[in-house]
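My notebook is open, and these are my entries on what I looked up. Please have a look along with me.

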Amino acid sequence: MFPKKLNFDNYKRVLELFPWLTFLKNSAIITFLSTVGIVFSSSLAAFAFATLRFKARDKLFLLVISTMMIPYYTTLIPQYILFSKIGWIDTLKPLWVPAFFGSAYFIFLLRQFFKSIPRELFEAAKIDGCNTFQIFYKIYFPLAKPAIITVIILQFIAAWGDFFGPLIYLQSEEKYTLVLGLNAFRGMYYTSWHYLMAATCMVTIPSLIVFLIGQKRIIGGITITGMKS
Amino acid sequence: MRKRSILARKENLEGYLFILPWIIGFCVFTAGPILFSVFLSFHEWHIFDDMKWIGLGNYKMLFTDPLFYHSLKVTFEYAIINVPLVLIVGLLLALLLYPKVKGTSVFRTIFYIPSIVPVVATATLWIWIYNPEYGLLNFFLEKIGIDGPDWLYSTEWVVPAIAFMGVWTVGPTMIIYLAGLEDIPQVYWDAAKVDGANYWQRLRYITLPLLSPTTFFLFITNLMGALQTFAQAYIMGGGGEGFGAPANASLFYCLYLYEQGWSWFNMGYASALSWILTLIIFVLTLIIFKTSNKWVYYERS
């Protein structure tokens, strides 16, 4: 039942059997670009919702919140058709470009954090001659570092482990992410448990490392979303 | 006075500029698709050919489609097992890990870890655990003299098996319950203790009612998640044998939607399916909200 000795040959063998490095590269590109996009677009919007006064702000924010309730599958098919019409199927783009247009969940999370920064800082910087964008990236963004790190970690884990998105958008093997690669590998070597477990570990380890680095922040972030405001 | 209004107008403009990416994203990836998908659900269309208006045709077809009813049944069977199980286990873990004793934070981390593992990895691991011959589960069941079922290969057990696996990702539920517990003022428990209430009485009459808003939130979010289950079912059905295996017993609603949309490219029909799902989720959420004043206790009331 249980294996007798520790043996790293499985990893070597698994690496030889499948082009994991290509998958790793694709996963890394998607994860990196989507995380950059999410941080950039969501923090900008969150900053505006938290500090600036503009018409219909609260109504628009309510709209942000309500989009969190829309099931994933509602918008899925038209999005797929849109990407297929502009020739993005079997490219990595559908998996990271939308991140540059914000995520309701992270806008909400960051806005709660920006709200806790005293308004006096905003006013003082303004009197000192900062424009609004400078106030954002010189004062608010650095102060929100803990919240930004939470967003980075949560987005990393989500993008890294995403299955459905890559499944529908990526077709040729050289475009596969690690997760899709693991799924294909499982289909081929479904009786070789030792290889399967080695491959599973390889796919899991990056998420695990990111989680262990920032576990306190993740747990804090999850808590915010469960808060009654 | 005049300067003030110029400043206000500038702030107005800047506000819109800052949220511009989100506004574009909302139009292109949310609002547009929602409208288009309504439109699409009244058409027959396979992406490559011309769109054909068929009015309510897709919806009519849907209500006579046995697989539609079957996949709904499978999904609800899953939700009925999975959602209460995850809530109960999450609550129990939170109650155990709430006291600030040395080591609880380590356990909080350990119980959270499975939730960050990519679902394909989790599913692969559990296919092995559930394997009737070589799997860990039946190995232990045999040790205590139980002849375990075929789990993922059995039409009867495949959905419960996938639902039980949900406990593996109880982490976020546990963390939100812990946050809910931390919101309860210690004085309540102290006062009850002074009045002679034992642990169970305190749990029953203080903790659970005060946690009910948290339970409410978790119930809705977990139910929404359960009704949209895809990856586990896609990967694990029939032990990884393929779609809905064995014999469509694991054909979850979203799997059926995927099959219609991406195996047959029936985009109109798949849109109709997605709208029915949206409607079901919406109505269920509404019902839960409406009945919530009966069982959700808010401190101010």
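I began with a definition: I count two residues as being in contact if their C-beta atoms, placed from the backbone, lie within 7 Å. With that, I looked at chain A: among its contacts between residues at least 6 apart in sequence, 83% join residues at least 24 apart.

A note on ground rules. I am working with a predicted model, where local features need pLDDT of at least 70, side-chain atom pairs count only at pLDDT 80 or more, and totals for chains, interfaces and linings use all residues. Residues are numbered from 1 along each chain as its sequence is written, while chains are lettered from A and ligands numbered from 1 in the order in which they are written.

Entry: chain A. I found 11 helices and 0 strands in chain A; helices (H or I, at least four residues) and strands (E, at least two) are DSSP runs, numbered from the N terminus. The pattern along the sequence reads α-α-α-α-α-α-α-α-α-α-α. The C-alpha trace of chain A spans about 70 × 45 × 35 Å along its principal axes. I also noted that 45% of the 229 residues of chain A count as buried, meaning that 20 or more other C-beta atoms lie within 10 Å of the residue's own, all placed from the backbone.

Entry: the contact between the chains. How many residues does each chain bring to the contact? I got 58 from chain B and 56 from chain A. On the side of chain B that touches chain A, helix α2 (residues 20-40) of chain B gives the most, with 13 residues. That side of chain B divides into 41 nonpolar, 15 polar and 2 charged residues. My classes: Ala, Val, Leu, Ile, Met, Phe, Trp, Tyr, Cys and Pro are nonpolar, Asp, Glu, Lys and Arg are charged, and the others, Gly among them, are polar.

Entry: helix α8 of chain B. Why do I call helix α8 (residues 158-165) of chain B largely enclosed by the rest of the structure? Because 6 of its 8 residues are buried. I listed them as Val158(B), Val159(B), Ala161(B), Ile162(B), Ala163(B) and Met165(B). They pack against α4 (66-97), α6 (119-129) and α12 (231-236) of chain B.

Entry: domains of chain B. The assignment, which is automatic or from a database, gives domain 1 (2-58) and domain 2 (60-295). Their centres, taken over C-alpha atoms, are 33 Å apart. Between these domains of chain B, 12 residues of domain 1 are in contact with 12 residues of domain 2. On the domain 1 side, α2(B) gives the most, with 3 residues.

Notes
A residue is buried if 20 or more other C-beta atoms lie within 10 Å of its own, exposed if 12 or fewer, and partly exposed in between; C-beta atoms are placed from the backbone.
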